[in-house]
Amino acid sequence: MPPIKIRKRTETGGVRSFVIRATAILAALVVTAAFIALLGKNPIDVYASMVTGALGNPHRLRETIIRAVPLVVTSLGIAIAFKMKFWNIGADGQIIMGAFGASYFALNCPNLPQPLLLLVMAAAGMVAGGLWAFIPAFFKARFGTNETLFTLMMNYVAQKWVTYLQYGPWKDPKAIGFPKIPNFVDNAILPKVFGVHIGWIIALILVAVVHVFMKRTKRGYEIAVVGESVDTARYAGMNVRGIILSALFASGALCGLAGMIQASAVSNTLAVDISGGAGYTAIITTWLAQLSAPAIVIVSFLFAVLVQGGSYIQTAFQIPQAAAQILQGMILFFVLGSEFFVNYRVAFGRTVAPSESEVPEEFKVPAAYDEPASPEAVKTTKGGSRG
Amino acid sequence: MKGRLLKGAVVALLALACTGMISAQTAKKIKVGFIYLGPVGDGGYTYAHDLGRKYLEQALPGQVETVYKESVSDGNADSEPVMRDLIDQGCTIIFATSFGYMDHVEKIAKEYPNVKFLHCSGYKSGPNFGNYFGRIEQPRYLSGIVAGMKTKTNKIGYVLAFEIPECIRGVDSFTLGVRSVNPKATVLLKWTHTWYDPAKEKDAAVALLDEGCDVIAQHQDTTGPQIAAQEKGAFAIGYNSDSKNAAPKAYLTAPIWNWGPYYTAQVKAVIAGTWKPEAYWGGMADGVVDLAPLTANAPKGAQAAVDKVKAQIIAGKFDVWAGPVKDQTGAVRIAKGATLDDKGQLSLDWLVEGIVGKIEK
């Protein structure tokens, strides 16, 4: 078997990456077509229905936009953390806690005037989501804990917390025993603009804000530098801990706001499955958008088309839900897989000139973000060499 | 450049969202949408509703087209976009078949006054929104007779979903049936807080079997508890549809649904223009509920005992809820000569004597 060498591409050509991505989508469509044919349906009809099912009339377009909103807002939050190479997998928990924070005021202050109540809910959602991200950030900055596992585990804590509320203290007494939290009053529900809740305008404004923040502000630049190299950031005199903590608070706050929007506009209450998995899906959309805020809008919208279209074909062709999900999964598999070939060169059986970047940057484990080595640490090292 | 492109796309989207109305419906057939909690292949609750849908299609050929959406959670607002999508696709009648859809059906029914909504197992209604269910307590009582005669340990396990009147009615009527033939038997409860979770519902049954139960009954949509019983060499009462193939060595019988005739009657009424929202609650006399045939696993004499009571129920001479009925504390809740009316049954919140377990409030 010829040896296989994998190297990171030093330059990424625009044409080549376009060709690779287009090939991947084509391959996905061909493989999926075979699968649809196996189900006894005409693949071309099914594909056409997926598109018309998601965009074919104003109602469907609105439903698609409603699905895209939480992905956009959550992806923006994740992008800030990812820019710093802080792998925030906890967006789902941050959404849930944001929804919890907003729901607290929706349920307890139903008599506030609508604009005030909604602002209070949004603020509470952002603080709750922000704090939920701040906790793992604090441990990462202070003790160098693994943020991937920490943020993931925080999701389960958030889920169980809302489950507890739903089955216990917040259970709707009018629901005769069925475990649900009461519905919000009308004051606590976001208004609609053009038939879609105002969350879509909030999302677009946030795209602009996050884009300017990441590209044009000092703090945005600092986040990028910490992501590239903690040592460089420290050498440049940046307060690395402060940057991590504030960036993660912002990241969680955006996810929390997504939770507030979902609770207020879509569910009209708080429930365990309030996020609908957006916190995990948004990781994919953020990655595919390469952390760029404007690209997040496009990718999230396309993803929503895939989900809404996938839902449409279930009823239009009576395809089982599981089969529709396989379809979505297959397309994602190829598109995500193609990113590998965009970023890496694969050579068979030939010697490839050794490269200094054999280990891809994202596989390198960053050191604990500590302050410059403390005197004790230096002493210990010296002591070691002496002994 | 990128920014301008984006702006253009947003404006185009807006224009699309603002313009036009939903394209006119040209189909002559009436389109009926069903929303299910589980997958159609669950072999239980959803499967029974889907059999009803298929029956409807065959009963009114050329007049009706049906579509369904499966695996729609009732714990969140997931059913709302599903209902809107079904209406967008031309459905003018929606059957929403799980309790938790109730508030969402109420909301969507107000949005679409020209669509007819029927919600299964709830209690709300409106001008274009009715609810329906069946007196499954009647066959549950009969299945209790079978279980009560079968048990050797006098401990029967009962796996059930939520602390709502529907589930409480179920276990109460079952226990009344058990104790009518075996006053020494007790019924042990395990709440799962799921309708459809094969693994969790099976685990709950395993826990009950470990406590010494030798017959398992269920108020769940999966066959998990029956499979658990078979693996432990015990016996099981199913629910929803005749599931004799899931655990053939354990299965005794099951209280089952037969939705086809009801669905057909409702759709016929809509076509004829005579439909009115109602709160339908049919029993064994209507045939909407029944007891599945007893298998060879059932105890001797059970068939005769069941047949006798079944004939009385159908003739209207036997009421499951006839007093005297005591609660767990031994207090008489339904006096001798009295009965529990529909209102009392629909808000039932206490357990009868013989049940070991409690309702979490």
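Let me start with one residue: B:N240 is buried, because 26 other C-beta atoms lie within 10 Å. Buried here means 20 or more other C-beta atoms within 10 Å of a residue's own; 12 or fewer is exposed, in between is partly exposed, and C-beta atoms are placed from the backbone. B:N240 is not a glycine, yet its phi is positive, about 85°. B:N240 sits in the loop between strand 9 (235-237) and strand 10 (251-253) of chain B. Helices (H or I, at least four residues) and strands (E, at least two) are DSSP runs, numbered from the N terminus.

Some ground rules. This is a predicted model, in which local features need pLDDT of at least 70 and side-chain atom pairs count only at pLDDT 80 or more, while totals for chains, interfaces and linings use all residues. Residues are numbered from 1 along each chain as its sequence is written, and chains are lettered from A and ligands numbered from 1 in the order in which they are written.

Now chain A. Its secondary structure comes to 14 helices and 4 strands. Chain A has 387 residues, and 43% of them count as buried. Take the contacts in chain A with a separation of 6 or more: 79% of them join residues 24 or more positions apart. A contact means two C-beta atoms, placed from the backbone, within 7 Å.

First helix pair. Helix 4 (residues 91-108) of chain A packs against helix 6 (residues 147-167) of chain A at an angle of about 30°, with the axes 7 Å apart. So helix 4 of chain A is roughly parallel to helix 6 of chain A. Axes are lines fitted to C-alpha atoms, for helices over the stretch in contact, and angles run from 0 to 180 degrees between N-to-C directions. Under 35 degrees counts as roughly parallel, over 145 as roughly antiparallel, 65 to 115 as roughly perpendicular, and the rest as oblique. The crossing of helix 4 and helix 6 of chain A is left-handed. Left-handed means the near helix is turned anticlockwise from the far one by less than a right angle; clockwise is right-handed.

Who meets whom? From helix 4 of chain A come A:D92, A:G93, A:I96, A:M97 and A:F100; from helix 6 of chain A, A:M154, A:N155, A:V157, A:A158, A:Q159 and A:V162. The residues of this contact between helix 4 and helix 6 of chain A are 7 nonpolar, 3 polar and 1 charged. For the classes, Ala, Val, Leu, Ile, Met, Phe, Trp, Tyr, Cys and Pro count as nonpolar, Asp, Glu, Lys and Arg as charged, and the others, Gly among them, as polar.

Second pair. The axes of helix 11 (residues 278-288) and helix 12 of chain A come within 8 Å and cross at roughly 130°. That makes helix 11 of chain A oblique to helix 12 of chain A. This crossing of helix 11 and helix 12 of chain A is right-handed. A:T281, A:T285, A:T286 and A:L288 in helix 11 of chain A meet A:I296, A:V299, A:S300 and A:F303 in helix 12 of chain A. The class count for helix 11 with helix 12 of chain A is 4 nonpolar, 4 polar and no charged residues.

Next, the contact between the chains. Chain A puts in 33 residues and chain B 37. On the chain A side, helix 3 (58-83), helix 10 (240-267) and helix 12 (293-317) each supply at least two residues. Helix 12 of chain A gives the most, with 7 residues. The side of chain A that touches chain B has 17 nonpolar, 12 polar and 4 charged residues.

Stay with helix 10 of chain A, where A:Q262 lies. A:Q262 counts as buried, because it has 31 C-beta neighbours inside 10 Å. Leaving out residues up to four places away in sequence, A:Q262 touches A:P70, A:I95, A:A99, A:S267, A:I274 and A:S275. A:Q262 and A:I95 are 167 residues apart along the chain, with C-alpha atoms separated by 8.7 Å.

Over to chain B. B:G52 lies in helix 2 (residues 45-59) of chain B. Apart from neighbours within four places in sequence, B:G52 is in contact with B:W259, B:G260 and B:Y263.

Last item: a cis peptide bond joins B:G323 and B:P324, with omega about 0°.
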